[in-house]
Amino acid sequence: MYAPERQQAILRTAEEQGRVDVLSLAAEFDVTAETVRRDLKALDRAGLVRRVHGGAIPAGRIDFEPDLAARESAATEEKGRIAQAALAHLPRNGSVILDAGSTTARLASDMPADVSLTVLTHALPTAARLADHAGIELHIVGGRVRHRTRAAVDAWALRTYGEIKADVLFLATNGFSVEAGLTTPDLAEAAVKRTMMAAARHVVLLADSTKAGEEYFARFGDLSQVDLLITDTGLSPDETRAVEDQGNRVQRV
């Protein structure tokens, strides 16, 4: 199938189903995820779809930020492997910031029983998963809670993160690319992410490969500010090299 034919089929599916995702399209057309992202980028430039986390929606829709349930149900196997790999980067008896996100929430669920950590998070679902963990001293960062992400934002959250220095931040993002850096749909969440990055000695980005090449409204950092990207094997060798050229380490699992 030629690219224009594939793009027409993608557009038809998006209009019929209200959304398409990169991994499903790659399997359906027997092409790489990188090829699908190029197709979506071409359709986006033509004004026919709007790229969102992990895929695209028809251009006429405005609900471009997926809710928590949608994010948690996407790329579950990949996120599980990423969370397991992230466990090796927990500090011993140290302090950790967990960003709001489905993969960071999975990391919270997978915390071993024998860890001894101080954990800060502004994400209510993540805090709930750690509340009964005997080895974790949990600090909940407050603020205005966004319904779509269940994450606290605005002045209280910014002030709290501005007063600490943690060993490791496990960061989430809606999109990352060499050109656009780290992006998310909401300005308030971007401000919190930016402050968290300044509040940690090491930044570990947990992002599945569907987020590669995705660009959103609010930019909060550069890939060069990330010490390690943990992603899945769907990130192509070319994409991996491009990230590593920014000075990052990349771990594909």
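Contact is taken here to mean heavy atoms within 4.5 Å. The model is predicted, so that local features need pLDDT of at least 70 and side-chain atom pairs count only at pLDDT 80 or more, whereas totals for chains, interfaces and linings use all residues. Residues are numbered from 1 along each chain as its sequence is written, and side-chain values use heavy atoms, with hydrogens and water left out.

Leaving aside neighbours within four places in sequence, Leu229 is in contact with Phe176, Leu205, Ala207, Leu235, Val243, Arg249, Val250 and Gln251. Leu229 also belongs to the largest nonpolar core, a set of 30 residues in which Leu169, Leu171, Phe176, Leu182, Leu205 and Leu229 touch the most other members; such a core is a set of buried Ala, Val, Leu, Ile, Met, Phe, Trp, Tyr and Cys residues joined through side-chain atoms within 4.5 Å. Two or more residues are given to this core by each of helix H8 (155–161), strand E9 (166–171), helix H9 (187–198), strand E12 (200–206) and strand E13 (218–221), and H9 gives the most, with five residues. Helices (H or I, at least four residues) and strands (E, at least two) are DSSP runs, numbered from the N terminus. Apart from this core lies another, of 22 residues, among them Leu98, Leu107, Met111 and Leu130.

Asp99 is found in the loop between strand E4 (95–98) and helix H6 (102–109), and at 0% relative accessibility this residue counts as buried. The classes are buried for under 20% relative accessible area, exposed for over 50%, and partly exposed in between (1.4 Å probe, protein chains only). With neighbours within four places in sequence again left aside, Asp99 is in contact with Thr104, His122, Ala123, Thr126, Leu169, Phe170, Leu171, Ala172, Lys193 and Met196.

An open sheet of three strands has the order E1-E3-E2, with antiparallel pairing, two strands being counted as paired if DSSP finds at least two bridges between them. Strand E1 (20–21) and E2 stand at the edges with a single partner strand each, so one side of each is left without a neighbour in the sheet. Strand E2 (residues 49–52) and strand E3 (residues 55–58) pair in the antiparallel sense over four bridges; the bridge partner of Val49 in E3 is Pro58, and that of Arg50 is Ile57. Two residues lie between the strands of this hairpin, in which Gly54 takes a positive phi near 80 degrees.

Arg150, in the loop between E7 and strand E8 (151–153), has a positive phi of about 55 degrees and is partly exposed, with a relative accessible area of 40%. Asp154, in the loop between E8 and H8, has a positive phi of about 80 degrees and is likewise partly exposed, with a relative accessible area of 30%.

Val145, found in strand E7 (residues 144–146), is partly exposed at a relative accessible area of 33%. Together with Leu124 and Ile140, Val145 makes a nonpolar surface patch of about 250 Å², where accessible areas come from the Shrake-Rupley method with a 1.4 Å probe and, for residues, only the protein chains shown count as cover. Patches are made of residues with over 30% relative accessible area and no salt bridge, like charges being joined within 9 Å and nonpolar side chains (Val, Leu, Ile, Met, Phe, Trp, Tyr) within 5 Å; a salt bridge is a side-chain nitrogen of Lys or Arg within 4 Å of a carboxyl oxygen of Asp or Glu.
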